[in-house]
Amino acid sequence: MSLLPRLRYPTVPELVDSARALTAQEPGLCALRPVGSSRAGRPLHLLSVGHARRAVLVVAGAHANEPTGGCTLRVLAERVLAERELRADTSWHFLLCADPDGASLHVTPAPRSLLDYHLGFYRPTGSEQPEWSPSVLPPDRLPPETRALTGVIDELRPYLQVTLHGTDLGGSWVQLTRDVPGLAEPFAKSAAQLHIPVETGASDAAGWPASGPGVHVMPGPETGVPYPSMPDDARHSTWYHAHRYGGLTAVVEVPMWASDLVDDPAPHPAPEAAMRRLARRLLRDSLEVEAVLAEALPRLDGADGPLLRASRWALELIPGLAEDWSGRPPAGTTMAYVGSVDAFGRRLPLRAAAMLLRVLREVDDRAAPRLERLVATWCEAYAERFRARWVPLAHQVEHQSRTVLVAAQAARDHAA
């Protein structure tokens, strides 16, 4: 029986139930155990398959709004059980959801459109994200989800950690904390077979070296960051924790909706003007959301829930980011990079507006209809600008699964 859900993303309880079913089916090979608790007391579960000392750790659910990883994790666990050679000298460990509290607040299990996706949107502040919190908080203030994740890494000492991420609209790309020779070609081949564009100029990896199209290697601590205003720095995230034991991390991103505008490697004819234009639009859009927030805030009676905190946090990032974009763009700026930044610039105020809308709807605030129209208009423009096309869930999962398996083999061969 396949554990892949049809046309929907699984909830965390469904992931746990399926992991229990696998453990009951193969008790000699599988084990399921709690490895910590969230801030709200929800358990974090680790499913282990195999007993070899050499370990791969796969993490799903680090970002609440990126649900594909849960499906991929379940399919990978099935595949490892079915194919003996995958566990011949490697044990596989699956953290079912790194942020169960966040997952409980993102409520679009089967989005039919970008608007449907955003009406249930949630993504926490940087300090509340398990992988990113070490880059913005001192060690004594890290959330329990982060401590659970680093504790698992300390215990397993994986030669490879793979963290499963996704984007609402764009293409697929991989971020590596250290290069994995042999990954780029099969990654690109898989994407082409499944009609998923490769995001060759991902804004998340601006200025990073690439070992192949869409495969970006994080720079060392001696280099600067692409956007100095942004508070998070990948080099201080949990992605580097595996380096303590000689391991590395691969971050595998897949899109829910694809756009062919993010894989054009041609040089952009006027990058500075384009970036300044995107910066101006980013500021303009954020001011529209801030106007609604300022008008409604006195009626919210001091509310400070996770949705409102996250909305305000996203808005606070925008002025500095717009200033970053107004400077000199990276050398060799491509059409793909400007397209990726364009998507990022639409995404950030849209997310802030969507989370604020959920807050206003909960209290039936009179500003909600105004914000509803804004969110709907922006979603429609976003989809139209990028000619968004839905990537079947089975294709998202298959591409992410293939990339994990190739990365595990290539990293092992390179270390041998």
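User: How many cavities of 30 Å³ or more does the structure hold?

Analyst: Two. Keep in mind that the model is predicted. The largest cavity has a space of about 830 Å³. Of the 44 residues that line the largest cavity, Trp-132, Asp-204, Met-230, Asp-232 and Phe-344 are the closest to its centre.

User: What makes a space a cavity rather than a pocket?

Analyst: The way out decides. In a cavity a 1.4 Å probe fits but cannot get out, while a pocket is an open set of points. The space of about 830 Å³ is listed as a cavity, so by this rule the probe cannot get out of it.

User: Which elements give two or more residues to the lining of the largest cavity?

Analyst: Strand 5 (160–170), strand 6 (173–176), helix 8 (306–326) and helix 9 (335–362) do. Helix 9 gives the largest share, seven residues.

User: How is the lining of the largest cavity divided into nonpolar, polar and charged residues?

Analyst: There are 24 nonpolar, ten polar and ten charged residues. Trp-132, Met-230 and Phe-344 are among them, and Trp, Met and Phe count as nonpolar. Asp-204 and Asp-232 are also among them, and Asp counts as charged.

User: What is the volume of the second largest cavity, and what lines it?

Analyst: Its volume is about 50 Å³. Ten residues line the second largest cavity, and Ser-18, Ala-19, Leu-47, Leu-73 and Arg-74 are the closest to its centre. Helix 1 and helix 2 (68–82) each give two or more residues to this lining. The largest share, four residues, comes from helix 1. The lining divides into eight nonpolar, one polar and one charged.

User: What about the largest pocket: how much space lies in it, and what lines it?

Analyst: About 450 Å³ of space lies in the largest pocket. It is lined by 26 residues, and Pro-10, Thr-11, Val-12, Ala-103 and Ser-104 lie nearest its centre. Helix 1 (12–25), strand 2 (43–49) and helix 3 (100–105) each give two or more residues to the lining. Helix 1 provides the largest share, four residues. The lining holds 16 nonpolar, eight polar and two charged residues.

User: Why is Thr-90 called buried?

Analyst: Buried means under 20% relative accessible area. Thr-90 has 2% relative accessibility, so Thr-90 counts as buried. Thr-90 is in the loop between helix 2 and strand 4 (91–95). Ala-52, Arg-54, Ala-55, Val-56, Tyr-159 and Arg-412 touch Thr-90, leaving out residues up to four places away in sequence.

User: What makes the pair Thr-90 and Asp-89 a polar contact?

Analyst: The cut-off is 3.5 Å between N or O atoms, and residues adjacent in sequence count only if both atoms are side-chain atoms. The contact between Thr-90 and Asp-89 is 3.2 Å and joins their side chains. The pair therefore passes on both points.

User: What makes a set of residues a nonpolar core?

Analyst: The residues must be buried, of the listed kinds, and joined through side-chain atoms within 4.5 Å. The largest nonpolar core has 60 residues, including Tyr-227, Val-289 and Leu-321. Helix 9 gives the most to this core, with 15 residues. Val-289 touches Leu-315, Pro-349 and Leu-356, among others. A second, separate core has 47 residues, including Leu-22, Val-56, Leu-73 and Ala-77.

Definitions and conventions: Residues are numbered from 1 along each chain as its sequence is written. This is a predicted model: local features need pLDDT of at least 70, side-chain atom pairs count only at pLDDT 80 or more; totals for chains, interfaces and linings use all residues. Side-chain values use heavy atoms; hydrogens and water are left out. On a 1 Å grid over the protein atoms alone, a cavity is a set of points where a 1.4 Å probe fits but cannot get out, and a pocket is an open set with protein on both sides within 12 Å along at least five of seven lines; lining residues have an atom within 4 Å of a point. Grid points are joined across faces, edges and corners, and a volume is the space filled by probe spheres set on the points. Buried means under 20% relative accessible area, exposed over 50%, partly exposed in between (1.4 Å probe, protein chains only). Contact means heavy atoms within 4.5 Å. A polar contact is a pair of N or O atoms within 3.5 Å; within protein, one must be able to donate a hydrogen and the other to accept it, and residues adjacent in sequence count only if both atoms are side-chain atoms.
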